[in-house]
Structure formats: structure tokens, C-alpha cells
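Thanks for coming, everyone. Please have a look at the structure on the screen, and then I'll walk you through a few spots.

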Amino acid sequence: MKSATVRIGERIERFFFDLEVPYALALTRILFPIVVMGMVLPRWHVVRELFSTDGAIAQIADGYGYPGLMPEFSGTIAVALYAIMIFALVCTTVGWCTRASLIVSAVLFTYFSMLDYVSTMTKYTVITTHVLAILSVSQCGSLWSVDAWLAGRKRQYWPGLPTVEYQRFPAWPRRLLQIFIGVVYFGAAVTKMHTPLFFTGDMLQFWMQTHINFKHPIGEYMSLYPILLVAFAYITIVWEIMFLFVSWKGSWRSLILPIGVVFHFMTTLTLGLMLFPMVCYCTYISFFDEEDLQHCAAWFRRQCRGSAWLKKAVARLSELRQRMGQPIGWQSSARAAFVFSMALFAVLNVEVEHWLDLYGERRPEGDDRPEHVQEQE
């Protein structure tokens with residue numbers, strides 16, 4: 001009995017603390033902020049209205065009896081903070097001051113989401129805040145990033161080649177991402193179990209007949225077949241429950257993850273969901289370990305050898321990277337440049353927002369007219 005307990009403890013320790021090159025986390029770091037931009041950029045021109053005291057803030061804390069829990073700022077400060085968040089997301093993708101960028105992104109994205117629970121806070125924004133927080137404590141910037149390049153780790157390596165130049169780190173941040181998305185699905189299944197209308201297909205039918213999210217091509221058509229909706233409801237419940245337990249490795253993973261890809265793609269076609277599937281797809285990358293990505297890199301190298309234009313493109317990329325040199329010891333200057341660039345970007349955004357004048361306050365007919373002119377009218 002004792003030896004069995006020791007073996008279980010060793011397996012758990014290996015599960016969380018085996019050393020690996022964080023390929024999956026680096027890919028997630030590159031792609032995930034691009035998806036987040038789909039949530040952030042459409043609201044840039046209405047920051048003053050949604051997130052500042054110049055507009056109509058709808059804090060989520062107000063509905064729970066904690067008015068004013070989050071600080072509220074004027075329009076100018078809100079625009080500057082929003083610009084800093086955008087800048088941090090861009091720096092996360094390129095891997096410049098990666099940890100600081102992720103922390104800033106996670107804090108400000110959470111802050112702005114909580115300031116507007118009417119239109120900004122959704123299920124996928126909650127998932128996004130957790131993913132950004134997990135990435136911020138990982139070593140996702142240790143490769144394929146500006147930080148790695150400045151640290152002198154820039155080499156023309158692919159995952160399938162020897163990784164003596166790449167640092168290895170414990171796997172627990174990637175495991176946290178895997179557990180997190182699995183728990184999200186499991187919680188969603190439990191919620192649906194307590195919703196009888198979901199099993200009858202009535203809820204799905206109502207969602208498919210509306211265009212609350214985005215327009216969808218086949219939702220209204222499928223709502224005409226209730227028996228299909230009932231079948232899909234039960235399949236969804238089974239898949240969401242199983243995901244947490246069988247998606248880790250082997251043949252089950254080869255089945256569960258493709259089902260997840262098809263499931264979320266169908267939510268785009270039938271419910272008009274766009275960003276939520278992309279958020280979930282980014283978390284799926286965490287289920288590919290170092291060995292999987294080495295196989296993918298080996299496949300890509302074979303394609304390069306069989307394709308003249310791919311081979312030429314890779315050769316040009318290698319030549320460009322070698323020509324850029326191996327700068328070492330620029331980290332302190334890079335951090336100073338990071339802070340200066342962030343401040344400059346915030347100031348420029350405030351100035352651009354001021355001159356765009358969305359509400360016409362600075363036009364001749366706006367609110368900034370002299371009082372005697374307003375009185376004459």
C-alpha cells in the first residue's frame with residue numbers, strides 16, 4: 001500500500017514538475033493576445049463612454065452591493081490605461097518584457113471587464129483573464145521572443161533539433177492551463193444539467209433563431225429539426241464531462257480535441273460565436289507537449305525539403321536572423337525603452353482620441369461653445 005502511494009506521488013510530481021522546453025506556452029503567448037485584440041480594439045473608440053466617469057460605467061460590483069469597488073477615472077486617464085493595455089498585448093505577442101507585459105495585460109483587462117459587465121464582461125473574458133494570469137507566471141517568453149533574442153539565445157533551431165540551447169522549465173504552468181479549460185467545460189456541463197430546457201432543445205432552438213452575437217448561416221435552418229438539437233445537447237454534456245479526464249494523452253486525446261474543434265466551429269455556424277471558439281482553441285495548444293511539437297517540426301522540415309519556395313523562404317529567414325547579430329547585454333536598455341514606449345503610446349492615444357472628437361464636443365455645434373451662443377439658440 002505504501003509503495004503504491006509513493007508511485008502515485010512520483011507520478012503526480014512528474015506530471016507537474018517534469019522539465020520541458022515551453023514550446024506550447026510560447027505558441028499560446030504568441031497567438032492568444034491576437035485573439036484578445038478582437039475584444040479590445042472594437043471598444044477603443046468608446047473607452048470614454050464605457051470605462052470612464054465621463055460616460056456610463058456599469059461596475060459588476062454594484063450589482064452585488066459593493067458600489068465603487070473598482071476605481072473610476074476620468075476619460076483621459078481611462079484612454080491612457082486602455083492604450084497601455086493594447087501596448088502590453090502587442091508586446092506579449094512579440095515577447096518584449098514578456099512577464100511585465102502579461103501582468104499589465106491581465107490586470108488592466110480584468111479591470112476594464114469589471115467596469116462594464118453589460119457589454120464587455122462575458123464568459124470568454126473571464127477565461128481570458130485566467131489564461132493571461134497563468135501565462136504571466138510561466139516561462140513562455142524564454143523562446144521565440146524579443147527577450148530571448150536580447151538574452152543571446154537567438155539561434156536557428158526548430159523543436160525537432162537538439163535543444164541544448166533552450167532552457168527547460170517545470171511543466172506546471174502548462175498543466176494549469178490544461179486543468180483550467182477542463183474545469184471550465186466540466187462546470188459548463190454541471191450548469192447545463194440543472195437547466196431542463198437545454199435537454200429538450202428549446203434553449204438551443206431559441207439561441208439559433210436569434211442573432212444576438214453575430215449572424216450565423218445555418219442556425220435558423222437547424223432550429224427546424226428539434227430531434228437534432230436534443231441529440232447535440234446530450235453529446236455536448238458527455239463531451240464536456242469527459243474532457244477533463246481523457247484529454248491528456250494517447251488515442252483519447254486524438255478523439256476529444258478534434259471533437260472540441262468541431263464543436264466550437266459549429267457554435268460559430270449556428271450561434272454566431274466568434275471570439276469564444278478562438279479563445280478555447282488557443283488553450284488547446286497546451287495539450288501538445290514537447291514531443292508532439294518536435295514531430296510537427298520534423299513534418300514541417302520534410303515539407304520544406306520537398307517544396308522549393310518553402311526551402312527558399314526558410315533560407316532567407318535564417319540569413320536575416322544571422323545578419324541581425326547576437327546582441328547581448330541590452331536587457332536594461334530594453335526595459336527602459338519598454339517603459340518609454342508604453343508612456344509614449346499612451347500619450348499618442350490620448351491625443352488621437354481627443355482630436356477624433358467622437359461626441360462632437362469640439363465642433364462649432366458642440367458643448368464647448370461660448371455660453372452666450374448657447375443662450376441665443
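First, a term: a contact means heavy atoms within 4.5 Å. Now the ground rules. This is a predicted model, where local features need pLDDT of at least 70, side-chain atom pairs count only at pLDDT 80 or more, and totals for chains, interfaces and linings use all residues. Residues are numbered from 1 along each chain as its sequence is written, and side-chain values use heavy atoms, with hydrogens and water left out.

Start with Arg174. Its place is in helix H8, residues 172-193. Helices are DSSP runs of H or I, at least four residues, numbered from the N terminus. Is Arg174 buried or exposed? Buried means under 20% relative accessible area, exposed over 50%, partly exposed in between, with a 1.4 Å probe and protein chains only. Arg174 has 4% relative accessibility, so it counts as buried. Setting aside neighbours within four places in sequence, Arg174 contacts Glu20, Ala24, Leu25, Ser286, Phe287, Phe288 and Asp289.

Next, cysteines. A disulfide is a covalent bond between the sulfur atoms of two cysteines. The cut-off here is a pair of cysteine sulfur atoms within 2.5 Å. A search of the whole structure finds zero. Cys97 is in none; the nearest cysteine sulfur, in Cys91, is 7.3 Å away. Cys97 is buried, at 13% relative accessibility.

Last, helix H5, residues 98-115. Its buried residues include Thr98, Leu102, Phe109 and Leu115.

Notes: Helix = DSSP H or I, 4+ residues; strand = E, 2+ residues; numbered from the N terminus. Expected span 1.5 Å × (residues − 1).
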